[in-house]
Amino acid sequence: MASLERSTASGPTGDRVKPDTAAVTAPLSPVCRFFLAGSCVYGDECRYRHESWLSRTRPDEATVAEPHSDPYGVPLTFDTFAVDDVDASQTPALPAPIHSVSTSSGFTFTPDPDAPEFVPRGFNASCLPGGLTAKSHRLVPLHPDPVVEEGHPPVEVGARSWAQVVNPEAMAQLPMADAESQLCPFNMIGECHYGESCAYIHGDTCDYCGQDVLHPWHEGQRRKHHAICMQSHEEAMEVSFAVARSKDKTCGICMETVLDKNKGEARFGILPNCTHCFCLSCLRTWRQAKQFENKIIRACPECRQTSDFICPSRFWVDTPEDKDKLLTDYRLNLNKKECKYFRRGRGECPFGNKCFYRHVDASGLAVDVGPPQTRTRRANENGDITEAQRVLMMDFLNLRDERGTRFLDISTEFGQMLRLALEVDLEDDDDDYYVP
Amino acid sequence: MSNIAQQRIQREFREVVKSDEVAKSGIELALAHDDLTELVGTIKGPPDTPYEGGTYQLEIRIPDTYPFNPPKVRFVTKIWHPNISSVTGAICLDILKDQWAAAMTLRTVLLSLQALLAAPEPDDPQDAVVARQFSADYKTFFKTAQHWASVFAGAPHEHPDFDRLLTKLKDMGVDESSARVALSSCGWDIHRATEQLFN
């Protein structure tokens, strides 16, 4: 069960990794190559993970398939479960216990009933020894995905009793997914050809969305749908408010109404440090201007307040709270993308750890590259401003050494003198450090 | 001319022509050609300055990259001012050079120029002679600027002593504008002016 916890723990990092690398990066450490070849001498002491390819592809299944020969050597405990008190009698519609689970490779495993740790989701109280029938500890795995495979569907609609159908009390206990699957999908989006004779339930009409999606008896489903409808309604309201407050805004540079511009250009460029309104394309052109100093182009064209970056936005933001949210979301989104300069450690990012994009190494781990390099600008002989190249001390020393030896070779006489002088210097140095 | 420049000039032109506030502050804008690349600006000399009562014409050229680059502006009307060349009318004003901002408009440029007339900056001169006179002998500068304003910009100032000196030089066969330039730059000292003219 340890893998359940591990995969949950590594969730946030796993989400940001591309699917092809997910198998490598989601767990905490790389898989031991020697273990895969069957010859790791360190055994359980090995610092790399001992895990088969099988379990790497579908960790949740593999864990269920090998419940007491834990591949990580971590003893199974109840700590990996959330334990809550549930009256067993109140869960009549729980699916039947799963006694065997098949893996993706088609290999089926039947768990040992004596193993106390193995408690699959959707278990039945009768599964536990000791006859805990009336009131029992129900163990809910932390992992949200059901472990059930297609070949072994849980007992659901078909197993309902007539009493459950006619008794809304009992219906209320039906799991949400089951209640939703009872509704006719054709009737939901329009008209069902079967009409009254349809095997599925034709739901009540929702006042908000106007679709027949409300389960006639399942209170939970109705409430959930209402909540979703309300949420989308609120979102739609928010968008219309945003449009209303953005629609008269004109760009301070091109002086056109931003939302009236061509589709690709109808975006606002938000400056974090002032409240002046520009369209994104104009603001970008301004900030890329070469004919002015950095200080000028990084400042707001209206008020000259410097802003380090600009944030694209479909709508205008009025309040500081909205603006904060927009800027935070923007930075979070950028942080999901990989830095084009850093290129997984192969390149060098001029923005250092101030970069908004993600810096990860080849294995997908985040890297702190330190503060950005200070860029030195200097005027060349023509008076043009150029960016000074980075000078490494090593390069300088190598160059000096090269020159030094050549110099000594060319003029031997002077070279000898120089060497003498150097030796004298060295001796002097020695004297300096001499302690009587 | 790029699309954005053309549209912006059209908008700005309408803004300046319509606005009452702009008319009150004494700035005007007119098209020199139909293609919007060249305009003629007019500003009134601000009160309590030697330029009061004068009307100054400006030549405004709109670059293709406007508004990301400043318009090129110069005085057509001759003016005696430390930051404006008395010969070419070229203007030394930071916002027309490296301090330009894309949100500035022709209206703000004209208003800035009006402000420049009211507050000369002799430490950053365009015309060194005028700037030197401004710092060393403000009274002479003031009177000279008034004289130039009355001759070129139609300001109602009279300096009969200057006119007398000019007539003297004209009688010596010097044309009027050279005589005025020579006298102005020599602080209306006729001996130095003649020396300068005939050497």
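Predicted model: local features only at pLDDT ≥ 70, side-chain atom pairs only at ≥ 80, totals over all residues.

Chain B has eight helices and four strands, and along the sequence they run α-α-β-β-β-β-α-α-α-α-α-α. Of its 199 residues, 49% are buried. If you look at contacts in chain B between residues at least 6 apart in sequence, 54% of them join residues at least 24 apart. The accessible surface of chain B is about 9500 Å², with 50% of that belonging to carbon and sulfur atoms.

On to the charges. Over all chains there are twelve salt bridges, including these:

| Salt bridge | N to O distance |
|---|---|
| Lys224(A) and Glu180(A) | 3.0 Å |
| Glu12(B) and Arg8(B) | 2.8 Å |
| Arg180(B) and Glu176(B) | 2.6 Å |

Lys224(A) sits in helix α11 of chain A and Glu180(A) in helix α9, so their pairing ties together parts 44 residues apart in sequence. Lys224(A) is partly exposed at 35% relative accessible area, and Glu180(A) is partly exposed at 32%.

Glu12(B) and Arg8(B) are both in helix α1 of chain B, four residues apart, or about one turn. Glu12(B) is buried at 0% relative accessibility, and Arg8(B) is buried at 0% too.

Arg180(B) and Glu176(B) share helix α7 of chain B, again four residues apart. Here Arg180(B) is buried at 4%, while Glu176(B) is partly exposed at 34%. Elsewhere, Glu38(B), Glu59(B), Arg61(B) and Arg74(B) are joined into one network by salt bridges that share partners.

Finally, a surface patch of negative charge gathers Glu293(A) with Asp94(B), Asp98(B), Glu121(B), Asp123(B) and Asp124(B). Asp94(B) lies in the loop between β4 and α3 of chain B and is partly exposed, at 41%.

How values were computed:
Residues numbered from 1 in each chain as written. Chains lettered and ligands numbered in written order. Heavy atoms only, no water. Patch = residues over 30% accessible without salt bridge, like charges linked within 9 Å, V, L, I, M, F, W, Y side chains within 5 Å. Areas by Shrake-Rupley, 256 points an atom, 1.4 Å probe, with all protein chains shown as cover. Salt bridge = Lys/Arg side-chain N within 4 Å of Asp/Glu carboxyl O. Lys, Arg positive; Asp, Glu negative; His and termini not counted. Charge placed at Lys NZ, Arg CZ, Asp CG, Glu CD. Helix = DSSP H or I, 4+ residues; strand = E, 2+ residues; numbered from the N terminus. Buried < 20%, exposed > 50% of the residue type's maximum accessible area, 1.4 Å probe, protein only. Contact = heavy atoms within 4.5 Å.
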